[in-house]
Amino acid sequence: RKLTILPVFQSIPVQALHLPNLLSLTLRNNPIIQLPTDMSGLPKLIELNLSFCLIHYIPDGFFSLPVLEELNLSYNHLTELPASIVHLSTLQHLNVDGNQLPALPFSILGLTRLQSLYIKNNFTSQKLWNHYSSNTPLSLKDMCAKLVVDFEIDHRSSCSEELSDWIESNTTVCECCGGNLVGEGLVIVRSVMERTFGVRNLPLSLLSCGLTCFYEYKKMKNLDVPAEGSTSSLHGMTLQQLTLLDQ
């Protein structure tokens, strides 16, 4: 039911990824750099400890753990957490102390069962927010594609098949205004509420759809309290999430 692996592996052993009845896996202090893209072979895993490794990147598929409750990623070399962490719908405790994170993804607000979050000793100082926020404009491709989507132009008949496929696979929702976001978007870092998941002024990284949206939200010190002169408010889903998680 529990497995602790000695600190000699640079990746998680393949054998340890196919234990359907395993509940707890500890790989602390292993010099692990690369994580697998598929964890579906551990359907009952509740606790995963990957602290004090050498992890600097987490692939999206890594979060395919349907009943995980505790995840320890402390003291690695992470510079970001992917938005796909929201797939850990049963997660209750998350430790990312001692990494290089400037903020957490906005999607973390979707982890409605999360009770405790540890994020000390990261690069989360407010003085660094502007540095990690986007300071370059959107590409011409992204801006043109957004216009195509916003005006509901039939791109299948007016664009190449390759570009049409790209538009469809790269269109998401702006995390600031709720409009269409096409391409990479612009990153903005802001804190949310006084206390979320037990953390005061938790910094979140949001993707905005364009310069107008970006600068409107850049006026705001906190996501739930518009700064003076700002007429913005987060779109409905966001406000609902913030209210739900206000502790």
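Lys146 is buried, at 16% relative accessibility; buried here means under 20% relative accessible area, exposed means over 50%, and partly exposed lies in between (1.4 Å probe, protein chains only). This is a predicted model, in which local features need pLDDT of at least 70 and side-chain atom pairs count only at pLDDT 80 or more, while totals for chains, interfaces and linings use all residues. Residues are numbered from 1 along each chain as its sequence is written, and side-chain values use heavy atoms, with hydrogens and water left out.

The side chain of Lys146 meets that of Asp150 in a salt bridge, 3.1 Å from N to O. A salt bridge is a side-chain nitrogen of Lys or Arg within 4 Å of a carboxyl oxygen of Asp or Glu. Both residues belong to helix α2 (residues 140-150). They are four residues apart, so about one helical turn separates them. Asp150 is partly exposed, with a relative accessible area of 34%. Met143 also lies in helix α2. Met143 is partly exposed at 39% relative accessibility. Its C-alpha atom is 8.5 Å from that of Gly183, which is 40 residues away along the chain.

The structure holds three salt bridges. Arg156 bonds with Asp165 in one of them, with the closest N and O atoms 2.6 Å apart. Arg156 also meets Glu168, at 3.0 Å from N to O. This pair links distant parts of the chain: Arg156 sits in helix α3 (residues 155-158) and Glu168 in helix α4 (residues 161-169), twelve residues apart. Arg156 is partly exposed at 40% relative accessibility. Asp165 is partly exposed at 36%, and Glu168 is partly exposed at 47%.

Across the protein chain, the secondary structure comes to six helices and eleven strands. Helices (H or I, at least four residues) and strands (E, at least two) are DSSP runs, numbered from the N terminus. The chain has 247 residues, of which 47% count as buried. Contact means heavy atoms within 4.5 Å. Among contacts in the protein chain with a separation of 6 or more, 40% join residues 24 or more positions apart.

Ser74 lies in the loop between β4 (70-72) and β5 (93-95), and Asn95 is found in strand β5. The two are 21 residues apart in sequence, yet 5.6 Å apart in space, C-alpha to C-alpha. Ser74 is buried, with a relative accessible area of 4%. Asn95 is buried too, with a relative accessible area of 17%. Residues up to four places away in sequence aside, Ser74 touches Leu50, Ser51, Phe52, Asn95, Val96, Asp97 and Asn99. The side chain of Asn95 reaches the backbone nitrogen of Asp97 at 3.0 Å.

Two residues other than glycine have a positive phi. Glu152 has a phi of about 55 degrees. Glu152 lies in the loop between α2 and α3 and is exposed, at 73% relative accessibility. For Asn201, phi is near 55 degrees. Asn201 lies in strand β11 (residues 199-208) and is partly exposed, with a relative accessible area of 39%.

The second largest pocket has a volume of about 320 Å³. Of the 15 residues that line this pocket, Glu184, Gly185, Leu186, Val187 and Leu207 are the closest to its centre. A pocket is found on a 1 Å grid over the protein atoms alone, as an open set of points where a 1.4 Å probe fits, with protein on both sides within 12 Å along at least five of seven lines; lining residues have an atom within 4 Å of a point. Grid points are joined across faces, edges and corners, and a volume is the space filled by probe spheres set on the points. By class, the lining has seven nonpolar, six polar and two charged residues. Ala, Val, Leu, Ile, Met, Phe, Trp, Tyr, Cys and Pro count as nonpolar, Asp, Glu, Lys and Arg as charged, and the others, Gly among them, as polar.

How values were computed. Polar contact = N/O pair within 3.5 Å; in protein donor to acceptor, adjacent residues only side chain to side chain.
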